[in-house]
Amino acid sequence: MKNVGDAPEGPVAGPAARPRATAPAAAASATVQAASAHDEQHGTRNRVVRSILDHGPSTAAEVALRLELTQAAVRRHLDSLVSEGVVEAREKRVYGARSRGRPAKVFALTDCGRDAFDQAYDKLAVEALRWIAQSAGGGEQGEAAVAAFARARLAAQAEGYRAAVEAAAPDGRTEALAKALTEDGYAATARSAPSPEWGEQLCQHHCPVAHVAEQYPQLCEAETEVFSRLLGTHVQRLATIAHGDGVCTTFIPRSGAQPKHQTKTTTAPSTSTAGRNPE
């Protein structure tokens, strides 16, 4: 017979038994932590992609500086994005005397990477422009009809930029236009040209209609004309995303920097690759 104070038979519950009782909770905690880490990694990766979209082809060091991350962390994300075809690595173009050593590597968005930011209306837009061209009789008449549509579309769009540009000081109008374009989704910036005394470059790192403009360059031509009117000067389109360049780049000369006989606005992107945007 047992006394009331006797210990119960069987193994005594102690520290060794506790893990079995808490295993489900530990597994749930591990799952939550893993999900949280995945979300954080995914969010950082999206920030890397967005940084390249907003600033154009960039080195790992430049992305790391902008996002306040380590270069090692950024490189891990870039390697993953390259393997998925979202970004591609290129050699950075060097202007002037090349320093010793290998050129820096920059990362640029691929068409696949840009598609993630585009609305899926490209096919509809192409079909609409094709209908306009065919309804006008095709050929030169059809091309003229598409050009007329592009000018009308850009003229209406430009009215939203005009107030911002005209309110800026003369030397700040390119920057004002860049900010207005950015608000419309073009991720635009203004910077000095390779020879600053000649002028500035307006760079659009994103183009919502790039795939449509590949087939209908009248869209790019109309946009260049609008920039010229807004800024009140001759401008020259050096590169376009639709033409295969990394960034749409428009050269805006400083007042008096161009020879007097160059007064006609350039309305079409160059067919040469010599004027492509520096990366």
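1. Helix α5 passes α6 in a right-handed crossing (right-handed if the near helix is turned clockwise from the far one by less than a right angle, left-handed if anticlockwise). Helices here are DSSP runs of H or I with at least four residues, strands are runs of E with at least two, and both are numbered from the N terminus. This is a predicted model, in which local features need pLDDT of at least 70, side-chain atom pairs count only at pLDDT 80 or more, and totals for chains, interfaces and linings use all residues. Residues are numbered from 1 along each chain as its sequence is written, and side-chain values use heavy atoms, without hydrogens and water.

2. The axes of α5 (residues 122–135) and α6 (residues 139–167) come within 7 Å and cross at roughly 130 degrees; axes are lines fitted to C-alpha atoms over the stretch in contact, with angles from 0 to 180 degrees between N-to-C directions.

3. On the α5 side, L129, I132 and A133 meet G142, A145, V146 and F149 of α6, contact meaning heavy atoms within 4.5 Å. Six of the residues in this contact are nonpolar, one is polar and none is charged (Ala, Val, Leu, Ile, Met, Phe, Trp, Tyr, Cys and Pro count as nonpolar, Asp, Glu, Lys and Arg as charged, the others, including Gly, as polar).

4. E68, in the loop between α2 (60–67) and α3 (71–83), has a positive phi of about 60 degrees although it is not a glycine. E68 is exposed, at 71% relative accessible area (exposed is over 50%, buried under 20%, partly exposed in between, with a 1.4 Å probe and protein chains only).

5. A187 also is not a glycine, yet has a positive phi of about 45 degrees. A187 lies in the loop between α7 (173–183) and β3 (188–192) and counts as buried, at 8% relative accessibility.
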